[in-house]
Structure formats: C-alpha cells, structure tokens
Amino acid sequence: MEGAGAPRFERVSLARITPGGVRGFAEDPSGTLFAASRQGILRITGPAPRAFSRQDGLKDDFISSIACAADGSLVVAYREAMGGAKVILEGDRMTVKPIDVATGLVSNKVVLVGRDAGGSLWIGTGSGCSRGRGARRRH
C-alpha cells in the first residue's frame, strides 16, 4: 500500500472458488496464505488454490478463525461449539487433530485463535482463554 492515498482493493476468485464469508488469514512458514471461511480452509496461494472442507476431514465447513502454529500447522476454530483443530497439510492431504476440552481447553466454544511472537498458541473461548505450547496447555 504505497503512497498517501487510500488503498485500492479488488475481489479475489480462486479457480472455481469465490471466497465467501472470509473470517481471517494465516500465512505458513513457506509463505502460503490460507483463509478461514464458510467453505472451510481456503488455500489462496502456494501449490494451487483449493478449499479444504468436511469432505477432507474437518468437523464443519464454517471456520471462524485461523492461525499458523509454530510448527507450521494450522489451528482453526469452528463456528459452532465443537472446539477447534490442529490441521496438518501435506500437499492436498490433510490430517486433523481435535483441540477441545478433552485436550485441555476451558470450553469447546472457540471464538479466536492466534499465536504470539514467542510461538505460544492462544485460544479464546466463551469461558476464557487457553495458552498452549507443544502438548501442554495453560488456562
């Protein structure tokens, strides 16, 4: 966004996907940009634009928040109260590991995920927040 004027934007379409209801963005260490959306996780740049959805292993298509974890995986929040997930992508293959009260969250109503400069993962829920690093999570 160069210059003193207002930035200019354009609508983005990804192959046959027109992103709808985008809720956030995350960039992995390789520079691939992902979006949280009503259609699941959208890979915007990188090998090829693609949507990852329930058909690929997510619990739901509506992803409300997304962050890149220190290990390069993605962490997502579902819109409904079903926790979140750690998502490992290898090309077009996706592995999904649940993050919920069974793994130490204070609530399954995850509203926000993020990562701080130290690499800690922060998960905001309807009942407070949880911080995780590796396999340990703190409340």
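Strands are DSSP runs of E covering at least two residues, and helices are runs of H or I covering at least four, both numbered from the N terminus. By that criterion, this predicted model contains zero helices and twelve strands. Its pattern along the sequence is accordingly written β-β-β-β-β-β-β-β-β-β-β-β.

**Sheet architecture**
- Four strands form an open sheet in the order β5-β6-β7-β8, with antiparallel pairing.
- The edges of this sheet are β5 (63-68) and β8 (93-99), each of which pairs on one side only.
- From one strand to the next, the twist averages 25°.
- Within the sheet, β6 (residues 74-78) and β7 (residues 84-90) are joined in the antiparallel sense over four bridges.
- Val76 stands opposite Ala85 in β7.

**Nonpolar cores**
- The largest nonpolar core has 15 residues, of which Ile41, Leu58, Ile63, Ile66, Leu74, Val76 and Val87 touch the most other members.
- At least two residues of this core come from each of β2 (33-37), β5, β6 and β7.
- A second, separate core comprises ten residues, including Ala67, Ala77, Val110 and Leu121.
- Leu74, a member of the largest core, has contacts beyond four places away in sequence that include Ala26, Phe34, Ile41, Ile66 and Val87.
- Ala67, which belongs to the second core, is also among the residues that Leu74 touches.

- Of the 139 residues of the protein, 40% count as buried.
- Among contacts between residues at least 6 apart in sequence, 33% join residues at least 24 apart.
- The protein exposes about 8000 Å², and carbon and sulfur atoms supply 50% of that area.

Notes:
Residues numbered from 1 in each chain as written. Predicted model: local features only at pLDDT ≥ 70, side-chain atom pairs only at ≥ 80, totals over all residues. Heavy atoms only, no water. Pairing = 2+ DSSP bridges. Axes fitted to C-alpha atoms, helices over the stretch in contact; angles between N-to-C directions. Core = buried A, V, L, I, M, F, W, Y, C linked by side-chain atoms within 4.5 Å. Buried < 20%, exposed > 50% of the residue type's maximum accessible area, 1.4 Å probe, protein only. Contact = heavy atoms within 4.5 Å. Areas by Shrake-Rupley, 256 points an atom, 1.4 Å probe, with all protein chains shown as cover.
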